[in-house]
4 protein chains.
Amino acid sequence: MKTVGFIGVGNMGGPMARNLLKAGIKLKAFDPAESALAAVVKAGAERVGAPADAAKGVDAVVTMLPAGPHVSDVYGGKGGVLAAVSPGTLLIDSSTIDVETARATTAKARERGLEMLDAPVSGGVGGAEAGTLTFMVGGSAEAFRRGEPLLQKMGKTIIHAGGPGNGQAAKICNNMILGISMVAVSEGFALAERLGLDAQTLFNISSKSSGQCWSMTTYCPVPGPVPTSPANRGYQPGFTAAMMAKDMKLALQASQANGATAPLCGVAASLYDLLCKSGQSGLDFSSIVLMLTGKSFPKQ
Amino acid sequence: MKTVGFIGVGNMGGPMARNLLKAGIKLKAFDPAESALAAVVKAGAERVGAPADAAKGVDAVVTMLPAGPHVSDVYGGKGGVLAAVSPGTLLIDSSTIDVETARATTAKARERGLEMLDAPVSGGVGGAEAGTLTFMVGGSAEAFRRGEPLLQKMGKTIIHAGGPGNGQAAKICNNMILGISMVAVSEGFALAERLGLDAQTLFNISSKSSGQCWSMTTYCPVPGPVPTSPANRGYQPGFTAAMMAKDMKLALQASQANGATAPLCGVAASLYDLLCKSGQSGLDFSSIVLMLTGKSFPKQ
Amino acid sequence: MKTVGFIGVGNMGGPMARNLLKAGIKLKAFDPAESALAAVVKAGAERVGAPADAAKGVDAVVTMLPAGPHVSDVYGGKGGVLAAVSPGTLLIDSSTIDVETARATTAKARERGLEMLDAPVSGGVGGAEAGTLTFMVGGSAEAFRRGEPLLQKMGKTIIHAGGPGNGQAAKICNNMILGISMVAVSEGFALAERLGLDAQTLFNISSKSSGQCWSMTTYCPVPGPVPTSPANRGYQPGFTAAMMAKDMKLALQASQANGATAPLCGVAASLYDLLCKSGQSGLDFSSIVLMLTGKSFPKQ
Amino acid sequence: MKTVGFIGVGNMGGPMARNLLKAGIKLKAFDPAESALAAVVKAGAERVGAPADAAKGVDAVVTMLPAGPHVSDVYGGKGGVLAAVSPGTLLIDSSTIDVETARATTAKARERGLEMLDAPVSGGVGGAEAGTLTFMVGGSAEAFRRGEPLLQKMGKTIIHAGGPGNGQAAKICNNMILGISMVAVSEGFALAERLGLDAQTLFNISSKSSGQCWSMTTYCPVPGPVPTSPANRGYQPGFTAAMMAKDMKLALQASQANGATAPLCGVAASLYDLLCKSGQSGLDFSSIVLMLTGKSFPKQ
């Protein structure tokens, strides 16, 4: 693939687009925010004035958008990608959105004979800049085969999770587990503190025991045990409380829409929501431990 | 240490006592259940008729009892250990009980000039039989130094968690995280199934991602991904739902008694409680995934 | 109004339609289930073969359908009401559905110059048969003025809750409170039982105190205190667990879609869901107390 | 009864004691806080220097203390009431404490041949001052018969809830329902606001429907519908968040200790706990609606 249309070049899409430019891909870029667009144009992208223009005469279109309705609109709306794109173009949506919209958009693309991948990422802004993102990819085997080399220019781990929508499904299920287990670990440290059990001691024990989880051993919510975790830099993200609140909401909505019972997801979603509503949406999501223990929040 | 009084030689205490016998320790054993007592007597222990008798003329006393009130009674009650034990005897309680009772019992022992360790275990009946238990130990450094060699005859990993009660604190905090994360993983697999995402695929992704936790990667609640997990043998324990319900209750009570906020612990405790009340207390605790998905339970 | 098209004449719609017939209204009725349709035809309705046929040449159309997608389809789909209805016909949807679909459907009706009311009911099958339903109505003041006399033929209390969608909003908010408070009351009785406090005594106290709520004083979930409550007839509905699970899901989805934080709704929704998944969807929703206390369920 | 020993004359006990003085009862009063004690002495009580002194030569002893351990200590501790009290004196504890301590204290009193009532109150400081408290009373029929006339001097409604501890049981069960239903009502108003449904409209509908509860119709958490509710005076208590957090903790502990499953109580207890930890413990508990909606709290 030599030319790509890139729609949505903000916090995440911007560095992803720059990695494509560095890899020698020719880019047509669009973003409604002028400053975001100017940054990738400065880095070598061609500026276009509308999503449809980014979709014409390219080998692939990559989108990185805030939420499901934006994806529906950019692809299927008037002046959208599907109406303008050339035959044979591969469509890749890297937004994190609900499974239903992902599947519906892919279905519309197929009606026009186009292949599409849903390919949400994990790894945050840091991973986007370093080109070390993980892509969880849904779509046909053939579409995955075509898209994988392009995704490798923006990420390190590219996983095929199954048919259309399964990239979103994998991300939602994983982040649901993450969001809950971070609260679990925080409740554990909160109780330990009250019982006079040192955080480092609990870490030493649980990191080698049945309480072990990524939320503890890689992203420990209390300062000390894991020097690289956000807790050691005033809970600067990382992955913001707002983003976790969004993912937990997606998980809860998916559970409701599909008949899955998710009691802990429901409570955890509310807790991240309360964290955001108390004014901490910009802090790392692991700052949930401060809310649970009634500690003061660092300045954002 | 050459002679040990062992009080409570049932499912867990029985195999622990046998491992001491195998290591050449002379045992005085007591248990109110004749069948349990007979089994260790057959293995070489001396039968005694009361806790006080097990406490006389031994280097150490080890207790393995169901709950806090039993520990209070066996140590501090009429005809209990504290009234009968010889000076210099080391006391080790391996029951899983509340921190307050552990600390109060140690304090009473100290009033009589005796050292005491709270040393609850993880690893289950299998670990007790294999001598591979993990001991989480609270007590003075000196008491730990004295007790460690004895505990090594019954376990593989012996961890000093701090002063009196901290062994119980460590176990409670760890198992609280475990109990919640098992539900989290179960909710994740339940949602994946509804979204058409294969369990093995979610496992492949999350086991290397931010949703990784012991509940998934070592003790996976759905059949398939981890062949040794109870899910692959009809949810035969392992660690029963009843035992997890007990530990979650201990965690919730400790949180309430000490002012820790534990919303997910509260809900998870209720879920294990409902699992038990629906008649599944003898299944492995990972069968919570069957309750969440409305699947039928295997015969116990 | 003299002629009405009635679409959906099942458990609820059937008796509502019969009350219109009794009041002298001429009915064109449609239902995909032949047995339901035959019953109202026998009562005097004219049988039609499609929703569009029920919408032609009538003064008003009333719909009573299972869920949002059915409403979207019956009104806006091919061969739907909106394409067939005569100008000036008043549209009334009495289904319980999500607010967004209600508002979107009303908006489509207005594009065609038609007035529409969302008018979900409470009161159950008993209220439908007795003509004592409560209608919570959203729509313009003019539409409400036109529809009220018709609704009075099927119900006792007709409340205007504001603009389009507000009938659904009122029902969802009310039933969310109901669903949670029924669990609250059940937890209260469950604890009382364990503490040796007689159910009747708790009822006597709380019914005149700050714990008073409809779930206790009108619909008491334990047998005895309120003779007319389903608990006294083996939890025969009333209002089924399945219907409460549906309403709690609507409330939870509405909360998520609109940024409302609803922690108790999330847990209560899961509990009703677990009740249904354990096979009790046909019992009254107040049987949640049996699940919480681990009592056996009556045969359905 | 002519003379009463009154121990604990603070926010609640103070006005209760003054009502006894107004009724012509001679009081011996004790409180460790000098200012509280001085206030009732000024009102006519005799000052005594220790609980034991308040217990000698009186017809009854009334205690109003912060928590269970205080009650254990004041009655059963060294220099406590039980060691000093004259035969035939009636003991009445109006503190809100756990059922077990209440029953244990009564049992100790009986060992000494003394009758005792547990008689916690509802109605708050306002009810204490106005003499309109509700007393929920546990104890023997004979003790209740003897105590009722005295309680009537301090309250309006005196309810016999059964044997020892049942007064506490009734209060805990009632307040558990109250604490949950206040969150339920708050979630309902929060969702209504997001859906564009006016608070007054939801009130009008639900107050006459199945969502009706005391938390809405008497103590409405949003300003407007119920003019006398704390929401209309900047959430000045009323009943503080701290007191509700304490009662929910008692309910949760009682549930755990007695094997009752209480999922909503667990979450609601955490929510009130978070409200307190965020600095709002002195506001009325109905301010939980502000936390849920992310609104700013009034100055305390």
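## Exercises on chain contacts, symmetry and local geometry

In this structure, 13 residues of chain C are in contact with 14 residues of chain A, where contact means that C-beta atoms, placed from the backbone, lie within 7 Å. The model is predicted: local features need pLDDT of at least 70, side-chain atom pairs count only at pLDDT 80 or more, and totals for chains, interfaces and linings use all residues. Residues are numbered from 1 along each chain as its sequence is written, while chains are lettered from A and ligands numbered from 1 in the order in which they are written.

**Exercise 1.** Find which helix of chain C gives the most to the side that touches chain A.

*Solution.* Step 1: helix 12 (241-258) and helix 13 (263-280) of chain C each supply at least two residues of that side. Helices (H or I, at least four residues) and strands (E, at least two) are DSSP runs, numbered from the N terminus. Step 2: helix 13 of chain C gives the most, with seven residues. Step 3: by class, the side of chain C that touches chain A has five nonpolar, five polar and three charged residues. Here Ala, Val, Leu, Ile, Met, Phe, Trp, Tyr, Cys and Pro count as nonpolar, Asp, Glu, Lys and Arg as charged, and the others, Gly among them, as polar.

**Exercise 2.** Determine how chain C is laid on chain A.

*Solution.* The superposition is by least squares on the C-alpha atoms of residues with pLDDT of at least 70 in both copies. Step 2: of the residues of chain C, C:Gly266 comes closest to the rotation axis, at 2.4 Å (C-alpha). Step 3: 100% of the interface residues of chain C are also interface residues in chain A, so the copies meet through the same surface.

**Exercise 3.** Describe the side of chain A that touches chain B by element and by class.

*Solution.* Step 1: 55 residues of chain A are in contact with 55 residues of chain B. Step 2: strand 8, strand 9, helix 9, helix 10 (199-206), helix 12 (241-258) and helix 13 (263-280) of chain A give two or more residues each. Step 3: helix 9 of chain A gives the most, with 20 residues. Step 4: the classes are 34 nonpolar, 18 polar and three charged.

**Exercise 4.** State how helix 1 and helix 2 of chain A pack.

*Solution.* Step 1: helix 1 (residues 13-22) and helix 2 (residues 34-42) of chain A pack at an angle of about 15 degrees, with their axes 10 Å apart. Step 2: that makes helix 1 of chain A roughly parallel to helix 2 of chain A, a label for angles under 35 degrees. Step 3: A:Gly14, A:Ala17 and A:Arg18 in helix 1 meet A:Ala36, A:Ala39 and A:Val40 in helix 2.

**Exercise 5.** Decide whether A:Tyr235 is buried or exposed.

*Solution.* Step 1: A:Tyr235 lies in the loop between helix 11 (214-217) and helix 12 of chain A. Step 2: phi of A:Tyr235 is near 60 degrees, a positive value in a residue other than glycine. Step 3: A residue is buried if 20 or more other C-beta atoms lie within 10 Å of its own, exposed if 12 or fewer, and partly exposed in between. Step 4: A:Tyr235 has 26 other C-beta atoms within 10 Å, so A:Tyr235 is buried.

Technical notes: Two residues are in contact if their C-beta atoms, placed from the backbone, lie within 7 Å. Axes are lines fitted to C-alpha atoms, for helices over the stretch in contact, and angles run from 0 to 180 degrees between N-to-C directions. Angles under 35 degrees count as roughly parallel, over 145 as roughly antiparallel, 65 to 115 as roughly perpendicular and the rest as oblique.
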